[in-house]
Amino acid sequence: MASVVAKLNPPPLAISGRQFLFGTVQTSTLSIPRTRQGHLAITAKATSESSESSSVVQSLKNIWDKPEDRVAVIGFGIAAIVGFWASSNLIAAIDRLPLIPGVFEFVGILFSSWFVYRYLLFKPDRKELFQAISKSISDILGQ
């Protein structure tokens with residue numbers, strides 16, 4: 001019976017480029033230098049373009065930076081947790097009633113089928129749905 005024991009000491013990492021907590025990384029390079037023959041050198045480059053998700057993150061960062069809004073954001077977070085807890089308990093109580101879960105399941109299947117037919121099946125309808133979602137997001141964020 002043979003056994004192999006290997007001791008791996010990773011080489012030091014050299015990271016070049018700038019990374020921001022909530023910003024977009026334009027170019028970031030991670031390289032592991034080759035120190036001895038037989039070691040592997042890895043270079044990774046990450047690029048990203050500004051998207052709608054980064055604007056949402058930027059809006060949340062701007063709201064969080066205002067001291068008077070922090071209390072409101074924390075309050076909304078706690079209210080969301082309490083609302084989720086209450087709704088899950090309400091659904092669990094309704095689920096224990098006979099016949100009601102079957103009716104809700106049937107209604108859910110009908111609504112899901114209608115939604116797929118109305119918004120997801122054809123390309124113009126998907127564009128309409130995307131525009132409605134974008135408008136709602138901009139209304140919520142006040143843009």
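Author: Asp-125 is buried, with a relative accessible area of 18%; buried means under 20%, exposed over 50% and partly exposed in between, using a 1.4 Å probe and protein chains only. This is a predicted model, in which local features need pLDDT of at least 70, side-chain atom pairs count only at pLDDT 80 or more, and totals for chains, interfaces and linings use all residues. Residues are numbered from 1 along each chain as its sequence is written, and side-chain values use heavy atoms, with hydrogens and water left out.

Reader: Where is Asp-125, and what does Asp-125 touch?

Author: Asp-125 sits in helix H4, residues 123–141. Helices are DSSP runs of H or I with at least four residues, numbered from the N terminus. Leaving aside residues up to four places away in sequence, Asp-125 touches Tyr-117, Arg-118 and Tyr-119, where contact means heavy atoms within 4.5 Å.

Reader: Which other residues of H4 are buried?

Author: Leu-129 and Ser-134 are buried along with Asp-125.

Reader: What span should H4 have?

Author: The 19 residues of H4 should span 27 Å at 1.5 Å a residue, and the end C-alpha atoms are 27 Å apart, which agrees. The expected span is 1.5 Å times one less than the number of residues.

Reader: What follows H4?

Author: Gly-142 follows, with a positive phi near 75°.

Reader: Which non-glycine residue has a positive phi?

Author: Leu-99 has one, at about 75°. Leu-99 lies in the loop between H2 and helix H3 (100–120) and is exposed, with a relative accessible area of 72%.

Reader: New topic. Which residues form the nonpolar patch on the surface?

Author: Leu-60, Ile-63, Trp-64, Val-73, Ile-74, Ile-78, Val-82 and Trp-85 form the patch, with about 760 Å² of accessible area together. Helix H1 (52–65) and helix H2 (67–95) are the elements that give two or more residues to the patch. Patch residues have over 30% relative accessible area and no salt bridge, and nonpolar side chains are joined within 5 Å. A salt bridge is a Lys or Arg side-chain nitrogen within 4 Å of an Asp or Glu carboxyl oxygen.

Reader: Which helix gives the most?

Author: H2 does, with five residues. Trp-85 is in H2 and is exposed, at 55% relative accessible area.

Conventions: Patch = residues over 30% accessible without salt bridge, like charges linked within 9 Å, V, L, I, M, F, W, Y side chains within 5 Å. Areas by Shrake-Rupley, 256 points an atom, 1.4 Å probe, with all protein chains shown as cover.
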